[in-house]
Amino acid sequence: STIPVFVGDKRFFASESALGLYPTWIYGVSQIILEAIFVTIVSIVQTCIIVPMCAMLNSSMPPWISFLTILSALVTSGLVGSTIVFFCSMAFPTQDLAFIVASTIVTISLAM
């Protein structure tokens with residue numbers, strides 16, 4: 001899970017922010033960009049495995065449309081989940097509390 005990474009990163013962010021080394025929004029944007037790149041790469045690999053393994057090609061459409069549809073669903077869900085985890089790890093004081101709240105929110109979102 002990424003919560004330990006974000007919680008550990010929070011200490012560095014707090015010390016660097018107190019020194020005024022960079023604006024707060026730069027940190028948030030850089031985390032979002034890094035997560036977007038990582039989630040996109042992982043989603044591409046997952047889609048390359050899922051589509052042939054589960055026979056998820058729609059015969060009425062070209063294969064690339066099925067591939068992009070599954071890829072977009074995986075990227076979107078990955079980015080939303082990662083953003084929720086990032087927010088919880090920054091908003092709550094302990095890693096345990098952040099994990100409980102983030103996993104609850106993600107589980108409820110998936111159930112809907």
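Me: In which helix is the place of Trp25?
Reply: The model considered here is predicted. Within it, the helix that spans residues 24-53 includes the place of Trp25, and that helix is α2.

Me: Is Trp25 buried or exposed?
Reply: The relative accessibility of Trp25 is 57%. Exposed residues are those over 50%. Because 57% lies over that cut-off, Trp25 counts as exposed.

Me: Which residues make the nonpolar surface patch of about 910 Å²?
Reply: Trp25, located in helix α2, is one of the contributors to this patch. Ile26 also belongs to the patch, and its relative accessibility of 35% makes it partly exposed.

Me: Which residues of α2 are buried?
Reply: An α-helix has 3.6 residues a turn, so residues three or four places apart point the same way. The buried residues in α2 are Tyr27, Gly28, Gln31, Glu35, Val39, Ser43, Thr47 and Val51.

Me: What distance does α2 reach from its first C-alpha to its last?
Reply: Helix α2 has 30 residues. At 1.5 Å a residue, a span of 44 Å is expected, and the value in the model is close to this. From first C-alpha to last, α2 reaches 43 Å.

Me: Which residue with a positive phi follows α2?
Reply: Helix α2 covers residues 24-53. The residue that follows the helix has a phi near 50°, and this residue is Ala55.

Me: What distance separates the C-alpha atoms of Ile26 and Met61?
Reply: Ile26 has its place in helix α2. Along the chain, Ile26 and Met61 are 35 residues apart.

Me: Why does Ser89 count as buried?
Reply: Ser89 is found in helix α3, which comprises residues 63-91. Buried residues have under 20% relative accessible area. Ser89 counts as buried because its relative accessibility is 0%.

Me: Which backbone oxygen does the side chain of Ser89 reach?
Reply: Both Ser89 and Phe86 are among the buried residues of α3. At 2.9 Å, the side chain of Ser89 reaches the backbone oxygen of Phe86.

Me: With which residues is Cys88 in contact, leaving aside its neighbours within four places in sequence?
Reply: Cys88 lies in helix α3 and is buried, with a relative accessible area of 1%. Ile37 is 51 residues from Cys88 in sequence and 20 Å from it in space, C-alpha to C-alpha. Once neighbours within four places are left aside, the contacts of Cys88 are Ala98, Val101, Ala102 and Ile105.

Note on methods: Residues are numbered from 1 along each chain as its sequence is written. This is a predicted model: local features need pLDDT of at least 70, side-chain atom pairs count only at pLDDT 80 or more; totals for chains, interfaces and linings use all residues. Side-chain values use heavy atoms; hydrogens and water are left out. Helices (H or I, at least four residues) and strands (E, at least two) are DSSP runs, numbered from the N terminus. The expected span of a helix is 1.5 Å times one less than its number of residues. Buried means under 20% relative accessible area, exposed over 50%, partly exposed in between (1.4 Å probe, protein chains only). A polar contact is a pair of N or O atoms within 3.5 Å; within protein, one must be able to donate a hydrogen and the other to accept it, and residues adjacent in sequence count only if both atoms are side-chain atoms. Contact means heavy atoms within 4.5 Å. Patches are made of residues with over 30% relative accessible area and no salt bridge: like charges are joined within 9 Å, nonpolar side chains (Val, Leu, Ile, Met, Phe, Trp, Tyr) within 5 Å. Accessible areas come from the Shrake-Rupley method with a 1.4 Å probe; for residues, only the protein chains shown count as cover. A salt bridge is a side-chain nitrogen of Lys or Arg within 4 Å of a carboxyl oxygen of Asp or Glu.
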